[in-house]
Structure formats: C-alpha cells, structure tokens
Amino acid sequence: MNKQVLEKVCELQKAGQKGALVTIIRTWGSTPRKAGSKMVVQPDGAMTGSIGGGCAEAAVRLQALSAMDEGRSFVYKVDMLQSVAADEGMVCGGVMDVFIQMI
C-alpha cells in the first residue's frame with residue numbers, strides 16, 4: 001500500500017473519523033491504473049492517493065461519498081468502454097472494479 005494512503009488510513013482511525021478506502025480489485029482492457037491501486041476519500045471529498053484520475057476517479061469519489069453517507073462497503077464497476085468513454089471524454093477503453101471499504 002502507498003505510504004501516504006496507509007498514513008491517511010491510520011490518521012483517520014486514530015481520530016475516529018470516517019473515510020473510505022478505495023482499491024482497484026480487477027481490470028479489463030486499457031485502464032489508467034491496475035489492481036491494487038488505492039486511494040482514500042474523506043467526507044469533505046479530499047483524496048489521498050489515486051486510482052487513475054479523470055472522470056473515472058471522480059465517479060468513484062462520488063460513490064465513496066455515498067458509501068460514507070450510507071455506512072456500507074461495496075464493489076463499484078467503472079465502465080470506460082468506447083461508447084461510454086467517448087461521451088465522457090475518456091480514452092482508456094477498459095473496465096475496472098473497485099472495492100469501496102469503510103474505514
């Protein structure tokens with residue numbers, strides 16, 4: 001795990017604050033980052049680490065904020081295939097599953 005991500009997880013746990021740890025668990029095709037990439041999302045939307053940036057990361061950030069509001073962990077699929085990606089301005093052409101885990 002990235003040192004900054006690990007430190008942020010520890011910081012949030014010590015302070016008793018909410019957060020979501022996002023981990024890419026599977027990819028198909030061309031994606032900005034591969035399985036194992038992680039980031040932390042805080043309730044104010046601040047992020048530590050990256051799962052690739054751009055529209056995909058923004059979509060996952062919103063899902064992480066929803067996860068914190070609902071208090072549940074889940075797997076979310078990010079579709080960056082050509083038909084969807086073209087509408088969103090993405091150039092990757094792949095799919096990735098991310099696990100959004102409550103801290």
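Helices and strands here are DSSP runs, numbered from the N terminus. The model is predicted. T31 is found in the loop between β1 (20–28) and β2 (38–41). Helix α1 covers residues 3–15, and what covers its buried residues includes β1, β2 and β3 (47–49). The count of salt bridges comes to four.

**The loop residue T31**

- T31 sits between strands β1 and β2, in the loop that joins their ranges 20–28 and 38–41.
- T31 has a relative accessible area of 10%. Buried means under 20%, so T31 counts as buried.
- A polar atom of the T31 side chain lies 2.9 Å from the backbone oxygen of R33.
- The side chain of T31 also makes a polar contact with the side chain of K34, at 3.2 Å.

**Helix α1**

- The helix has 13 residues. From first C-alpha to last it reaches 18 Å, close to the 18 Å expected at 1.5 Å a residue.
- V5, K8, V9 and L12 are buried in α1. Seen down the helix axis, the buried residues fall within an arc of 100°, so they line one face of α1.
- An α-helix has 3.6 residues a turn, so residues three or four places apart point the same way.
- Strands β1, β2 and β3 are among the elements that cover the buried residues of α1.
- K3 and K14 are exposed, on the other side of α1.
- At the start of α1, a side-chain oxygen of N2 comes to within 2.6 Å of the backbone nitrogen of Q4.
- Just after α1, G16 takes a positive phi of about 70°.

**Salt bridges**

- K8 and E11 meet through their side chains in a salt bridge, 3.1 Å from N to O. They are three residues apart in α1, so about one helical turn separates them.
- K8 is buried, at a relative accessible area of 14%. E11 is partly exposed, at 43%.
- R26 forms a salt bridge with D97, with the closest N and O atoms 3.2 Å apart. This pair links distant parts of the chain: R26 is in strand β1 and D97 is in strand β5 (residues 95–102), 71 residues apart.
- R26 counts as partly exposed, at 42% relative accessibility. D97 counts as buried, at 5%.
- R72 and E70 also meet in a salt bridge through their side chains, 2.5 Å from N to O.
- R72 is partly exposed, with a relative accessible area of 41%. E70 is partly exposed too, with 49%.

**Strand pairing**

- β1 and β2 run antiparallel and are joined by four bridges. V22 stands opposite M39 in β2.
- β2 and β3 run antiparallel and are joined by three bridges. The bridge partner of V41 in β3 is M47.
- The hairpin of β2 and β3 has five residues between the strands. In this hairpin, G45 takes a positive phi near 95°.

Technical notes. Residues are numbered from 1 along each chain as its sequence is written. This is a predicted model: local features need pLDDT of at least 70, side-chain atom pairs count only at pLDDT 80 or more; totals for chains, interfaces and linings use all residues. Side-chain values use heavy atoms; hydrogens and water are left out. Helices (H or I, at least four residues) and strands (E, at least two) are DSSP runs, numbered from the N terminus. Buried means under 20% relative accessible area, exposed over 50%, partly exposed in between (1.4 Å probe, protein chains only). A polar contact is a pair of N or O atoms within 3.5 Å; within protein, one must be able to donate a hydrogen and the other to accept it, and residues adjacent in sequence count only if both atoms are side-chain atoms. The expected span of a helix is 1.5 Å times one less than its number of residues. The arc is that of the directions from the helix axis to the C-beta atoms. Contact means heavy atoms within 4.5 Å. Two strands pair if DSSP finds at least two bridges between them.
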